[in-house]
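Please keep the structure open while reading.

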Amino acid sequence: MARISVDERRARLGRRHRLGAGCQAADPVEAAASMVALHATDPATVHLSVAARVPGSDVAATERALYDDRSLIRMLGMRRTVFVVPTPFAPVVQAACTDDIAVKQRKLLVKHLNEAGVAEGVEACGRWLAAVEESTATALALRGSATAQELSADEPRLRTRLSMAAGKTYAAQPYVTSRVLFQLSAEGRIVRGRPLGTWLSGQHQWSPSADWLPGGLGDRPVADEARVTLARAWLSSFGPGTAADLQWWAGWTGGQTKKALAAVEAVEVELDGQVGYVLPGDEAPEVPVEPWVAFLPGLDPTPMGWKERDWFLGPHKSKLFDTTGNIGPTIWADGRIIGGWGQPESGEVRYKLLEDVGHDTTALVESEAARWTAWLAGVRVTPRFRSPLEKQLSNG
């Protein structure tokens, strides 16, 4: 069994994730493809992840790819998380991950409808949901694009309230609107279009997928085939990694993960006492990368690509992750995390190094901080999930 060292893994990260000097992507689509998908739970992450990998890229370039060229698409994917993926790859993600999620979420929504007494029994609630979905989809098709509020005006049943955590101090009675739209999106019937506000907004117009894309997401591979394709893409970008890494990243079962690794004929390698996997023929060392530094946003796909992160994170988890496992803004040098960054009200980028990295690397960090301050041009980005270090730098 070949051994792949931590240094080798870090060298691969710099080149394959388009972070190393001379290794960067040509445009937002290439940046997304290099990472398989870009995290989009926090809308700012997409733009900042692209800007970290594409020299000279700006918000307008990413918005063109998303909303004009539609060469990128925002969709629900792995681990029930919203991602931005190259449009041709969207059917693979849909079949490999999202279709299973849609089945589970439908059962959960029907259960919640039943608990709220929307109809008499589970079966009746299922029929009620199907009727509301069809009516909502029809209203959206007639409008071409619409907000959740506009669709609620067209289909009043979207204002039906659920009863969540009844009797608890955190009980709530939310409208069913977002859950129905989520379900239609998970099934590939509707897609998120332009944001209602700036590029930092998490509210979007909705459109029928068949109108947004020729053919929509209907023509997709069977699930097993799609999982093989997704596993191959992950290994190409994130390999070597363990089976546990892939299972966590994709949100699959252990059986699905094992089957996909076998189908791609993944090669076992030794990772400091653990068994990892690479694609056939990918055991050789990576071409060396020149020294590099990168500022990555919260939830960037690089640190969120593996379950086991010690080889690049070191002892810094408590300062850089929130309590639910979401990473905040980070600073990287040559494939490892060395600090974090944030923005006070004044808008400039502040940073803190968590280890001694020497004069040369510190100079690169200072230069990169200045570049990001200029790129953001006074726009203050507050991550949706805030790490302790980001809060400290933003509030200090």
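Contact here means heavy atoms within 4.5 Å. The model is a predicted one. By that criterion, and leaving aside residues up to four places away in sequence, Phe295 touches Ala52, Thr330, Ile331, Trp341, Val349, Tyr351, Val365, Glu368, Ala369 and Trp372.

Phe295 also belongs to the largest nonpolar core, which has 94 residues; together with Leu230, Trp249 and Trp252, Phe295 touches the most other members. The core lies between domain 1 (101–212) and domain 2 (314–394), because both give residues to it. Another core, of 21 residues, lies apart from it and includes Ala119, Ala139, Leu158 and Ile190.

Next come the strands. Strand S10 (residues 330–333) pairs with S11 in the antiparallel sense through four bridges, and Ala333 has Arg336 of S11 as its bridge partner. Two residues separate the strands in this hairpin, where Asp334 adopts a positive phi near 55 degrees. S11 is also antiparallel to S12, again with four bridges; here Trp341 is bridged to Tyr351 in S12. Six of the seven residues of S11 are buried, so the strand is mostly covered.

What does helix H16 pack against? The buried residues of H16 (residues 388–395) are Leu389, Glu390, Leu393 and Ser394. Viewed down the helix axis, they fall within an arc of 130 degrees, and therefore line one face of H16. These buried residues pack against helix H14 (317–320), strand S11 (336–342) and strand S12 (350–353).

Key: Residues numbered from 1 in each chain as written. Predicted model: local features only at pLDDT ≥ 70, side-chain atom pairs only at ≥ 80, totals over all residues. Heavy atoms only, no water. Buried < 20%, exposed > 50% of the residue type's maximum accessible area, 1.4 Å probe, protein only. Arc of directions from axis to C-beta. Core = buried A, V, L, I, M, F, W, Y, C linked by side-chain atoms within 4.5 Å. Domains from an automatic or database assignment. Pairing = 2+ DSSP bridges.
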